[in-house]
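Subject: Handing over a structure

Dear colleague,

I am passing on to you the structure shown here, together with some notes on what was found in it. Please keep the picture open while you read.

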Amino acid sequence: MPTAAPALFNLPAPRGPARPAKPMTVLSYGLGADSTAILLMFLEDPVRYGLEPDLSDLIVLHAVTGDEWPDSLSYVNRLVLPRLAERRVRVVQVARRGRHDADGVLVLEDSRTTSRIHQAGPWRLSDWLLTGGTVPQMASGRRTCSIKFKGWCLDHWALAEFGQATFRRVIGYHAAERSRMEKDTKIQDRLNQRAGRVICEPAYPLVDAGMDRAAVEAYVLQRLGEPIKKSYCTFCPFSGVCASRERHEERLRAHPDLAADALAMEYASMALNEPMSLYGTRSLYQQLTEDERNDGVLTAFEERLDAVPFSLYEVRRLYLPGRTKDCRRYHGARCARPRWWCRTERTTACRRDHASYETGADGEQVDLEPQCAGVTDGCRGSQVKGAAWRSVRTVWEGPRLEAKFTLLSWGREDGARLRRGERSQIKRLHYLDRGEGYPAAEAYLVAAPSGADDKNRESFERRWTEITGLIGTRWEPIRPLARYQRGRGSRVVPVVRPSGVAHVRALEVA
Ligand code: SF4
Ligand SMILES: [Zn+2]
Ligand SMILES: [Zn+2]
């Protein structure tokens, strides 16, 4: 019986349907207890968390804001990175490359033997805040600083790295942060839906393990032998992100230089806009004065103010009327020819007495655009608050003491009124006081540390003249406005990696 000749070569096995590649796992590493605990769990038992035994499918991704506490950096450099390097875990560090989105994302390091977390990239969060003359803020319930300096870098890097491939995104929410986790999942679902594909699958190992903050800290302490401190920007004002007041002030006392930086940032912000202190209704400065152990920090701050250059800023502000619901409903995205009710809410009485509608074929009543002329008493309700526009122009530069005297002497010459800010106690020379309602305008001169950019939007001067009858600034600016091209290349974001530049499409904020 003939037998088959032995095969000379091993033939490739016939191919079945292609299996989808296993998604890579990306851990957003914020340097804090939560993500450090997850890393240690992964190192201890990779397979249990769906990783390859050699951790080749794990990427630890860190966004460098440039304003992290040095002791947090040191902790990770000494105790965490050697463990990652030993197992050859890939660590990627990214940062913003410049002030504009079009400047892109810079990969500061992409290595399997990382020995340090970079202290700063080319454009730090504090650069953005100081040039803007402001402090970290919330918008629509979200922290803009974190979106701009963390989420934005991470998302664009991921797009450059993975393209259309799905990845697993591990986030360090702990068991007591279920609501944050749910919010995050919802946002990701929305992004996936919008993209028409699964961009990434979020994973929350600490929530799964039922570990709350205390359990996480104990776990890290037990593994690394040193208590881990919260990781956040030195000037972070947000409770939940920042440490407790007691621990935060203790840290500021240990780093008087960084405390002076934070206080100087707050001072400049409040000088340009009184309510803009770090803590909404209170300032960091006020808070620190309540404990005499902080005297050293406050002295460091005073010395800082004496040492840095000062500017006299002329600040002009326009408070514009907003659009009513009716205006948006009947006039769409833009209102070219506003009527009185476009800016002023109609009262309930007006809605009831002066309703206009037509009856459709099916007998249903359809509201029509309001016809009321608003002349009847009781038709016009309150005005709607719109955007506030700000113009900041530097009109003088020099040392702090001279700035103070110059402000006083200019006040005498020009007959303006000198007043102190209610909370900040900063002196301002007001030459135009804000009136009632909208539009309204105000203007003053104030001394603050140099560094805030001169800026106002292009149409500011036109609106300023329309509303106040004044032309330009009262004092001569010492430099012309730098006009940055608006929306320059904003549809494409370059991601500069050691392997080359990838140009990815700009992602919308979720
Ligand atoms: S730590 Fe605070 S200041 Fe820094 S990015 Fe996060 S929220 Fe903003
Ligand atoms: Zn309108
Ligand atoms: Zn009416």
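Two strands are taken to pair if DSSP finds at least two bridges between them. In this predicted model, strand β9 (residues 310-321) and strand β17 (residues 440-449) meet that condition, pairing in the antiparallel sense over 10 bridges, and within that pairing Tyr313 stands opposite Val446 in β17. β9 also pairs with strand β14 (residues 385-398), again in the antiparallel sense, over 11 bridges, with Glu397 of β14 as the bridge partner of Ser311. As for burial, 12 of the 12 residues of β9 are buried, so this strand is largely enclosed by the rest of the structure.

The metal sites come next.

The zinc ion (ligand 3) is coordinated by Cys350 (SG), His354 (ND1), Cys372 (SG) and Cys379 (SG), at 2.2 to 2.3 Å. This site is tetrahedral as well, with angles of 96 to 123° among its 4 donor atoms, and its donor residues are spaced C-x3-H-x17-C-x6-C in sequence. Here the pair that links distant parts of the chain is His354, in the loop between α14 (348-353) and β11 (357-359), and Cys379, in the loop between β12 (365-367) and β13 (380-383), 25 residues apart. Is Cys379 buried or exposed? With buried meaning under 20% relative accessible area, Cys379 counts as buried because its relative accessibility is 2%, whereas His354, at 27%, counts as partly exposed.

Finally, ligand 1 is surrounded by Leu125, Arg143, Cys145, Ser146, Lys150, Tyr232, Cys233, Cys236, Phe238 and Val241. Helix α4 (residues 144-162) contributes the largest share of this shell, 3 residues, and the shell as a whole divides into 7 nonpolar, 1 polar and 2 charged residues.

With best wishes

Conventions: Residues are numbered from 1 along each chain as its sequence is written. Chains are lettered from A and ligands numbered from 1 in the order in which they are written. This is a predicted model: local features need pLDDT of at least 70, side-chain atom pairs count only at pLDDT 80 or more; totals for chains, interfaces and linings use all residues. Side-chain values use heavy atoms; hydrogens and water are left out. Donors are N, O and S atoms within 2.8 Å of the metal (3.2 Å for Na, K and Ca); water is not among the atoms, so sites may look incomplete. Four donors count as tetrahedral if all angles lie between 85 and 135 degrees; four count as square planar and six as octahedral if opposite donors are over 155 degrees apart and all others between 65 and 115; anything else is irregular. Helices (H or I, at least four residues) and strands (E, at least two) are DSSP runs, numbered from the N terminus. Buried means under 20% relative accessible area, exposed over 50%, partly exposed in between (1.4 Å probe, protein chains only). A residue is near a molecule or strand if one of its heavy atoms lies within 4 Å of it. Ala, Val, Leu, Ile, Met, Phe, Trp, Tyr, Cys and Pro count as nonpolar, Asp, Glu, Lys and Arg as charged, and the others, Gly among them, as polar.
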